[in-house]
Structures are given as structure tokens and as C-alpha cells.
Amino acid sequence: MQIPAYETIKVSFDGTVCTLQIYRPEANNTINDLFTDECADFLNRHSEHISVLIIKGLPEVFCFGADFSAINDNVADGDPKGQNPENIYNVWQQIANGPFISIAHVRGKANAGGIGFVAACDIVLAEENAVFSLSELLFGLLPACVLPFLIRRMGPQKAHYMTMMTQPVSAQRALEWGLVDACEENSENLLRKHLLRLTRLSKTAIVRYKKYRAELDNSLEQQKACALKTNLEVFTDPDNLNSISRYVETGKFPWEK
């Protein structure tokens with residue numbers, strides 16, 4: 001199997017078990033257009049060959065959300081939309097409904113759009129020191145594309161609370177709330193134990209189950225248009241874009257003088 005040389009992800013196969021590592025260490029594992037395009041390209045090419053997809057980040061950061069520097073550069077070049085939200089939403093839908101079992105292996109920080117990857121996965125495993133947060137409201141933004149996936153996973157009230165509070169949530173608290181399925185100090189061992197069981201499942205059984213699961217709950221497709229519209233609204237607001245620019249250039253949050 002030939003895999004293209006990607007710049008923002010590292011991909012490896014062990015039989016039909018695939019590991020996709022988010023790999024932008026120079027940008028705190030944030031999401032930019034190239035990263036989204038490469039994820040989509042890989043999933044479009046190889047989903048049929050995967051029975052279990054493991055998504056992981058770096059030891060200190062899983063994924064920290066949108067790349068504010070890239071958005072700032074896009075706006076400076078005359079693109080008021082920043083990034084196209086439909087691309088990342090489609091990637092999360094592929095992870096949620098694709099013909100494989102998806103596992104998020106979370107170490108370190110998962111924030112904002114990083115929570116989209118977590119919530120889209122069928123199974124979420126975390127190290128005990130992992131933390132989860134939605135920081136968008138601090139900048140006048142909303143986790144518009146994340147919320148359909150997050151509500152589907154952990155219910156509306158806890159997703160609502162995480163959005164409003166913007167504070168990091170520990171792995172243990174995330175486990176209690178349903179965002180995480182299992183956590184241990186040694187998450188590699190936790191992952192190994194899950195794979196011992198999951199790799200006994202046939203590809204045919206996985207495909208049938210995931211298709212049935214998507215038919216039972218088509219909320220992701222139903223909520224897509226509203227999510228994209230809201231995302232574009234907040235990411236074209238001049239005040240929000242100014243807050244992003246100020247943060248990129250000075251490191252100061254909107255409320256700091």
C-alpha cells in the first residue's frame with residue numbers, strides 16, 4: 001500500500017489497524033487548511049482498508065484547535081473567512097461514520113477543534129494527565145462545528161457547560177461526563193488492551209454496524225448546515241478577527257488591557 005508523503009500527519013499500518021498521528025509540532029498541533037486536506041485525502045484513499053483507526057497527537061498536546069496564526073495570515077491576505085469549516089466538519093463525519101472503529105488516544109492537551117477529533121471517535125482513551133477544553137468563547141467565537149459531535153457523545157448539558165466555562169477539564173472528569181471512555185496512567189497499555197479485543201472483529205461486521213449506527217442517529221448531517229453557518233458568522237466578525245490578530249501578535253487575551 002502506497003501512502004503519500006504528508007506534511008502534517010504521520011500514518012502507519014499494522015495489518016488493518018492504522019495509526020494517524022497529528023504532527024504539527026512547530027504549530028502546537030493546530031488545525032490549518034493543509035492539515036485538513038491531508039486528513040481528508042488519506043481517509044478518502046484508505047478507509048476501505050482500515051478496520052481500526054487510531055488518532056493520536058504528541059505527548060504534550062493532542063490537538064489545540066484552529067491555527068490562529070494561519071487565520072490571521074489569511075485575513076491579512078484578504079480572506080475574511082479564515083478557514084473553510086466544511087472541510088474539517090467533513091473529516092469529523094468521516095471519522096464518526098466511516099467503515100472502521102475510530103479511537104482517539106489523547107495525551108496532553110485537547111482544546112477547541114481538537115475536541116472535535118475526540119468527540120467524533122467511537123472510543124476515547126486518555127492518559128490520566130490529559131486535559132480537555134473549549135476556549136472559543138474567550139475570543140467571541142463558538143465551537144459551532146464541534147458541538148454536534150460533542151452533544152452526540154456526552155449530552156447537551158455537559159457540552160453546554162464546557163462551552164460556557166472555557167476551563168480545562170481533567171481526564172477523570174471527562175470520564176465521568178462521558179467524553180472519555182477509559183483512562184489510565186499508561187494509556188499505551190490501555191490502547192493495547194482495547195486492540196486485543198477490537199482486532200477480533202471482522203471488517204464486514206464493523207462496516208455493517210457503523211452503517212446501522214449512522215442510520216439510527218443522523219444528527220450530524222441534520223445539524224451540519226447550521227454549524228457551518230454559525231462558524232462562518234463568528235469567524236467573519238471583525239471584532240473576533242481583531243481579537244485573534246491581537247492574540248497572535250501580543251499573546252494577550254481580549255479582556256487584557
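**Pocket, strands and loops in a predicted model**

Colleague: Which helices and strands each supply at least two residues of the lining of the largest pocket?

Modeller: This is a predicted model. In it, the elements that each give at least two lining residues are the helices α1 (33-46), α2 (68-76), α3 (85-97), α11 (224-235) and α12 (238-250), together with the strands β6 (109-111) and β8 (131-133).

Colleague: How much space lies in that largest pocket, and which residues are the closest to its centre?

Modeller: The largest pocket holds about 760 Å³ of space. Its lining has 45 residues, and F64, G65, A66, F68 and A112 are the closest to the centre.

Colleague: How do the lining residues divide into nonpolar, polar and charged?

Modeller: There are 25 nonpolar residues, 15 polar ones and five charged ones in the lining of the largest pocket.

Colleague: Which element gives the largest share of the lining?

Modeller: That is α3, with four residues. This helix has 13 residues and spans 18 Å from its first C-alpha to its last, close to the 18 Å expected at 1.5 Å a residue.

Colleague: Which residues of α3 are buried, and what caps its N-terminal end?

Modeller: The buried residues in α3 are P85, I88, Y89, V91, W92, Q93, I95 and A96. The cap at the N-terminal end of α3 is N84, which places a side-chain oxygen 3.0 Å from the backbone nitrogen of E86.

Colleague: Which other residue has a positive phi although it is not a glycine?

Modeller: N28 has one, with a phi of about 60°. N28 is placed in the loop between β2 and α1. Its relative accessible area is 37%, so N28 is partly exposed.

Colleague: Turning to the strands, how does β2 pair with β1 and with β3?

Modeller: Strand β1 (residues 9-14) and β2 run antiparallel and are joined by six bridges. Strand β2 (residues 17-22) pairs with β3 in the parallel sense, over five bridges. Residue C18 of β2 is the bridge partner of F13, and C18 also has L53 in β3 as a bridge partner.

Colleague: What is found between the strands in the hairpin of β1 and β2?

Modeller: Two residues lie between the strands, and G15 takes a positive phi near 65° in this hairpin.

Colleague: What is the order of strands in the open sheet, and which strands stand at its edges?

Modeller: The open sheet has four strands in the order β4-β6-β8-β9, with mixed pairing. Its edges are β4 (61-63) and β9 (169-170); each has a single partner strand, so one side of each is left without a neighbour in the sheet.

Colleague: In which sense do β4 and β6 pair?

Modeller: The pairing is parallel, over two bridges. In it, V61 stands opposite K109 in β6.

Terms used: Residues are numbered from 1 along each chain as its sequence is written. This is a predicted model: local features need pLDDT of at least 70, side-chain atom pairs count only at pLDDT 80 or more; totals for chains, interfaces and linings use all residues. Side-chain values use heavy atoms; hydrogens and water are left out. On a 1 Å grid over the protein atoms alone, a cavity is a set of points where a 1.4 Å probe fits but cannot get out, and a pocket is an open set with protein on both sides within 12 Å along at least five of seven lines; lining residues have an atom within 4 Å of a point. Grid points are joined across faces, edges and corners, and a volume is the space filled by probe spheres set on the points. Ala, Val, Leu, Ile, Met, Phe, Trp, Tyr, Cys and Pro count as nonpolar, Asp, Glu, Lys and Arg as charged, and the others, Gly among them, as polar. The expected span of a helix is 1.5 Å times one less than its number of residues. Buried means under 20% relative accessible area, exposed over 50%, partly exposed in between (1.4 Å probe, protein chains only). A polar contact is a pair of N or O atoms within 3.5 Å; within protein, one must be able to donate a hydrogen and the other to accept it, and residues adjacent in sequence count only if both atoms are side-chain atoms. Two strands pair if DSSP finds at least two bridges between them.
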